[in-house]
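Have the viewer open while you read.

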Amino acid sequence: HLLYRHWNHYTGDKRSHLLLVSVESGAMRDLTPNDPHDVPPFSLGGGGGFAFAQDSKELAFTENLDPEPAISTNADIFTLDLTNAAAKPVKVSTSPGGDFSPAYSPDGKYLAWRSEARAGYEADKFRLVLYDRSAKTIKDLLPKLDNWVDEFAWGQSSQQIVFTSGTRGEANVYLIGLQHDTAMRITHSGEFSDLHLIAIPDRPGMVEKGGVGAIVAAMMRVDRPSEVALIGMGDTIESMTDQPGVSADNGSPVRDVTHLNQSLLAQLDLPAMESFWFTAADKTKLQGFIIRPPGFDSAKKYPGKFLIHGGPQGNWGDAWSYRWNPELFAANGYVVVMINPRGSTGYGQAIVDGVNGDWGGKPFTDLMTGLDYAEQHYPFIDKTRECALGASYGGYMANWVLGHTDRFKCIVTHDGMFNPESAYGSTEEMWFNEWEFKGHPWDYYGKPDSENPFRKWAPMLAAKNFKTPTLVVHGQLDYRLDVSEGFQLFDTLQRLKVPSKMLYFPDEGHWVMKPQNSQFWYKTVNDWVDEWTK
């Protein structure tokens with residue numbers, strides 16, 4: 001069978017089961033006996049994928065029953081009667097796409113989850129749907145919202161839900177009432193996650209009136225790691241946003257509860273991230289960001305690091321990570337430029353879908369046009385000393401850049417696709433390549449390369465144009481994009497006598513996670529960029 005390995009490990013014969021344990025007696029019961037599928041399905045985001053009803057008499061969980069999960073994204077929501085040991089799971093979701101994150105309302109009347117409509121597409125719009133348990137009906141709560149619902153939590157009155165949604169480089173908090181189809185935006189900057197709702201003692205009657213009290217969440221920005229924040233609820237809608245299905249509440253203060261990194265951050269010069277908008281070749285409006293170097297001097301010219309995000313359905317924004325940290329890239333004297341091209345999330349589903357079947361097309365021209373705009377409007381960027389860096393899809397695009405422009409002094413490509421045909425046969429989640437390249441490689445045999453996405457968008461076939469010094473990075477345990485993709489690229493560069501180096505991690509997967517490896521990664525990457533731009 002397929003999916004014999006997943007992400008960074010071989011799956012073997014064992015599958016995850018749901019086990020019910022009694023707190024009082026310690027008795028344990030397997031809720032999915034003899035089930036050959038993982039329950040819940042594998043998820044990079046973690047989380048249980050299951051939830052108890054408030055009376056503990058029913059459990060909702062996520063499972064993909066398709067015979068071949070390597071080619072399917074159709075996870076469904078099932079409920080199980082816990083009061084009857086002979087009861088079988090009942091499927092309550094109906095979408096052919098993925099359904100995730102079930103959560104019961106506090107009063108037990110409803111079950112909500114995140115739902116995708118299209119089968120085989122892991123980056124379809126994540127909708128928030130409501131299942132009425134007595135009527136057995138499903139309703140899309142936000143039909144007008146064009147962006148994804150990333151996570152959500154119920155209000156204590158069971159009449160409201162708060163959720164986060166990535167929008168234009170941020171992930172703000174929103175509120176929706178069950179009887180409305182328009183959400184209210186509560187926060188206005190940063191990225192929020194891990195939502196928890198609480199009642200505020202000094203606001204009596206808030207819960208009884210249908211309010212949510214206040215929200216506790218993790219909040220991060222590009223210049224600080226996550227801290228716990230308390231989000232107060234404003235009382236009035238003061239202005240409308242230009243997002244379909246969203247209004248804005250400008251009376252919601254956000255206050256940090258923890259200050260774990262305050263003393264350290266006070267010692268650092270972490271420049272703010274600046275946003276800009278530009279017009280793509282087909283007149284689409286797209287967003288980019290820059291970060292200036294510490295100790296910035298407007299009279300100087302600075303080399304540039306041009307970061308290309310992965311996914312491809314992802315984005316750059318106001319977020320902190322110790323992987324691909326923009327502030328750390330700027331720290332040794334660089335202007336960092338980041339563009340959200342076609343395929344990026346947070347700008348509507350049409351922009352997300354714009355990369356499908358067009359990997360080296362509009363996304364490439366979007367990136368180059370955005371960089372052109374930054375060079376023209378930020379004269380302190382030295383356009384003769386720039387390096388392009390990307391990982392995953394960003395690594396693919398770095399490989400594509402390598403064969404299609406000589407504007408960069410160097411390239412860093414991490415875990416990128418070099419040969420889409422070989423990548424198809426060595427990946428694990430095959431639905432991804434089949435969706436993005438519109439079928440299987442054999443569907444196009446005998447057809448010209450111009451009609452074959454696996455060859456039309458193959459960086460390998462532009463190898464005769466490779467000239468830019470390139471650092472190739474790959475991990476042995478990367479089963480999303482097999483290490484052979486990195487080897488093929490490095491071997492090609494060496495045979496063409498293009499200045500090149502390969503950084504190989506025998507103990508890392510698609511992401512570099514171990515602290516010492518991460519430190520070595522940054523040193524190697526920054527040294528490579530310094531060598532060619534300084």
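**Notes on strand S29 and the cores**

1. One of the contacts to look for is Thr 470, whose bridge partner in S30 is Ser 500. Keep in mind that this is a predicted model.

2. S29, helix H9 (residues 483-495) and S30 together form a right-handed β-α-β unit.

3. S29 also pairs with strand S28 (residues 410-414), again in the parallel sense, over four bridges. Here, His 414 has Val 473 of S29 as its bridge partner.

4. Is S29 itself mostly covered or uncovered? Mostly covered: six of the six residues in 470-475 are buried. Thr 470, Val 472 and His 474 point one way, Leu 471, Val 473 and Gly 475 point the other way, and all are buried.

5. Next, pick out Trp 521. Its contacts include His 414 and Val 473, the bridge partners from point 3, along with Leu 503 and Phe 505, leaving aside residues up to four places away in sequence.

6. Trp 521 also matters for the largest nonpolar core, which has 79 residues: Trp 521 is among those that touch the most other members, as are Phe 306, Phe 329 and Trp 359. Helix H5 (residues 393-404) gives the most to this core, seven residues. There is a second, separate core of 17 residues, including Leu 128 and Phe 163.

How values were computed. Residues numbered from 1 in each chain as written. Predicted model: local features only at pLDDT ≥ 70, side-chain atom pairs only at ≥ 80, totals over all residues. Heavy atoms only, no water. Buried < 20%, exposed > 50% of the residue type's maximum accessible area, 1.4 Å probe, protein only. Helix = DSSP H or I, 4+ residues; strand = E, 2+ residues; numbered from the N terminus. Pairing = 2+ DSSP bridges. Right-handed = clockwise from strand over helix to strand, strands pointing away. Core = buried A, V, L, I, M, F, W, Y, C linked by side-chain atoms within 4.5 Å. Contact = heavy atoms within 4.5 Å.
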